[in-house]
2 protein chains.
Amino acid sequence: MTEILKAKPVVKNLYGQMKAEIEEEKYFPKLVIVLVGNDPAAMYYVQNLEKKGKKVGIEVETKKFSSTVSRAELLEEIYALNENDKVHGIMIQKPLPSNINEYEVNFSINPDKDVDAFHPINLGNLLLGKESFIPCTPAAVIEMIKFYKIDISGKNVVILGRSNIVGKPLANLLLKKSVVGNATVTVCHSRTKNLSEITKNAEILIAAIGRPKFVTSDMIKENAVIIDVGVNQIEDAEKGLIYVGDVDYEACFEKAAAITPVPGGVGSVTTAMLLNNVLAAYKKLKKII
Amino acid sequence: MTEILKAKPVVKNLYGQMKAEIEEEKYFPKLVIVLVGNDPAAMYYVQNLEKKGKKVGIEVETKKFSSTVSRAELLEEIYALNENDKVHGIMIQKPLPSNINEYEVNFSINPDKDVDAFHPINLGNLLLGKESFIPCTPAAVIEMIKFYKIDISGKNVVILGRSNIVGKPLANLLLKKSVVGNATVTVCHSRTKNLSEITKNAEILIAAIGRPKFVTSDMIKENAVIIDVGVNQIEDAEKGLIYVGDVDYEACFEKAAAITPVPGGVGSVTTAMLLNNVLAAYKKLKKII
């Protein structure tokens with residue numbers, strides 16, 4: 001029987017822990033989201049964060065800026081948030097207007113409040129295996145692996161995709177000498193030759209390339225664990241607009257030992273990981289841990 | 001015919017370029033090495049750097065400290081060097097006494113003078129694929145690949161070893177979308193199962209584990225390119241103390257398409273890469289590039 005690695009119990013567990021800790025310890029963690037423009041997906045994500053934050057006791061405030069905001073104005077806001085000791089996490093909702101340099105904005109955030117973990121200091125610490133914030137999607141993958149007790153030590157883990165926010169940080173994390181770590185990690189991407197020969201050797205396959213249903217049944221190993229990071233919107237003839245992953249779920253289901261669904265898989269855990277980072281930031285700033 | 005990937009022409013080319021540029025442009029780059037204690041290997045390395053620096057026109061000054069130096073004294077020295085605008089590169093020679101926290105020392109260096117590239121900001125930028133200093137050994141490997149025009153794009157590159165100074169930064173670099181990049185990268189280590197099955201698939205095998213002659217002929221693919229980062233001192237029955245790599249050179253020679261010797265391979269290029277970082281630091285600090 002193929003095991004379905006659902007987000008629901010993972011998230012329930014995480015929110016339960018966070019809520020209990022925040023209530024018992026009388027914490028007041030606060031996240032400020034900087035939202036520029038009115039991208040519908042971004043606005044939906046932000047509203048969801050506000051809702052989930054409320055549920056666990058993390059205050060989430062959204063500072064909205066018009067898409068014509070200047071670089072200086074945005075940086076000034078970030079500097080003020082860096083200094084504000086009532087604010088423990090700062091998140092810059094992407095996408096940003098094209099005239100704003102994303103790297104510069106990420107770099108301007110106080111690394112101790114950088115709950116998205118896009119600041120090079122946090123990514124450098126991640127590479128070094130030091131305690132640091134972990135970007136939400138890699139953190140969600142790790143959390144799934146931990147929750148479902150998937151043994152990755154010494155296993156062949158293949159990551160499809162080499163992005164700065166998923167593939168590369170995840171590769172560094174899975175190599176780490178730790179309980180969820182010690183994997184043999186291969187990173188594949190658009191330039192990889194003989195891709196399916198490599199994916200067919202994967203005991204754990206993690207897809208993060210943003211191509212709907214790219215991974216087909218003939219590309220996976222019998223009894224592999226399939227972790228699908230992709231969330232792609234496609235037009236379905238019957239159902240209209242639907243979300244699918246990077247993996248052809250129906251086609252791969254039988255062959256896999258375990259598989260994450262989309263929606264209701266990795267993507268649904270990322271919000272919890274972001275809020276978890278806010279709580280960690282709060283404790284670090286208050287020197288509680 | 002197996003090609004021997006010697007350091008000599010690579011280094012000659014690098015020093016030639018550096019020397020010409022420094023002379024023509026009337027640059028005065030300066031490296032300060034902080035040397036604690038009197039480890040013979042460290043002292044030998046430092047003397048070699050001084051000699052090579054002189055050759056190309058980079059001033060190399062060594063500040064010596066007794067092995068009883070305090071943390072505060074060492075950090076004070078580093079802060080002074082950070083501020084000193086006559087100094088463009090700072091290198092803390094390892095090993096440090098056990099009471100000194102290596103991470104803290106690396107972190108205290110001005111990232112713009114961090115020619116060893118051990119500061120998390122530089123490693124974070126490396127992960128992000130941004131322009132940054134690159135640690136000398138990974139930089140030497142890249143330089144070898146570039147000089148000998150080894151095509152790694154889309155190829156199966158297997159790295160043996162997941163250290164913070166070689167394996168992990170190198171993996172991130174070889175994945176990069178760049179001329180020397182776009183490789184499919186697998187990182188193996190002590191926990192890897194079925195190691196030789198993986199190494200036998202490597203079109204390019206990079207060994208960086210510090211175990212003398214670990215890689216044997218049956219572990220490599222016919223016509224693979226073998227890059228040996230290891231430098232291990234062993235006792236030879238006839239020759240006494242000798243240096244050997246992580247690869248059994250004699251045994252693998254015939255089967256490989258190309259192979260780096262030890263000594264006279266990657267290790268000999270690292271010093272040049274360090275001095276090259278000093279020159280780059282000089283130009284960045286002087287806003288020349």
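**View 1. Helix α1(B) against helix α10(B).** In this predicted model, the residues Ala7(B), Val10(B), Val11(B), Leu14(B), Tyr15(B), Met18(B) and Ile22(B) of α1(B) are in contact with Ser268(B), Val269(B), Ala272(B), Leu275(B), Asn276(B) and Leu279(B) of α10(B). Sorted by class, this contact is made up of 11 nonpolar and two polar residues, with no charged residues. The axis of α1(B), which spans residues 7–25, comes within 9 Å of the axis of α10(B), and the two cross at roughly 20 degrees. Because angles under 35 degrees count as roughly parallel, the helices α1(B) and α10(B) are described as roughly parallel to each other, and their crossing is left-handed.

**View 2. Helix α2(B) against helix α10(B).** Here the axes of α2(B), residues 40–56, and α10(B), residues 266–285, come within 10 Å and cross at roughly 60 degrees, and the two helices are therefore oblique to each other. The crossing of α2(B) and α10(B) is right-handed. From α2(B), Asn48(B), Leu49(B), Lys52(B), Gly53(B) and Val56(B) meet Thr271(B), Leu274(B) and Leu275(B) of α10(B), a contact that holds four nonpolar, three polar and one charged residues.

**View 3. Chain A and chain B together.** Chain A is superposed on chain B, with an RMSD of 0.0 Å, by a rotation of 180 degrees with 0.0 Å of shift along its axis, so the two copies are related as by a two-fold rotation axis. Of the interface residues of chain A, 100% are also interface residues in chain B, and the copies therefore meet through the same surface.

Note on methods: Residues numbered from 1 in each chain as written. Chains lettered and ligands numbered in written order. Predicted model: local features only at pLDDT ≥ 70, side-chain atom pairs only at ≥ 80, totals over all residues. Axes fitted to C-alpha atoms, helices over the stretch in contact; angles between N-to-C directions. Helix = DSSP H or I, 4+ residues; strand = E, 2+ residues; numbered from the N terminus. Parallel < 35°, antiparallel > 145°, perpendicular 65-115°, else oblique. Left-handed = near helix turned anticlockwise from the far one by under 90°. Contact = placed C-beta atoms within 7 Å. Nonpolar A, V, L, I, M, F, W, Y, C, P; charged D, E, K, R; others polar. Least-squares fit on C-alpha atoms with pLDDT ≥ 70 in both.
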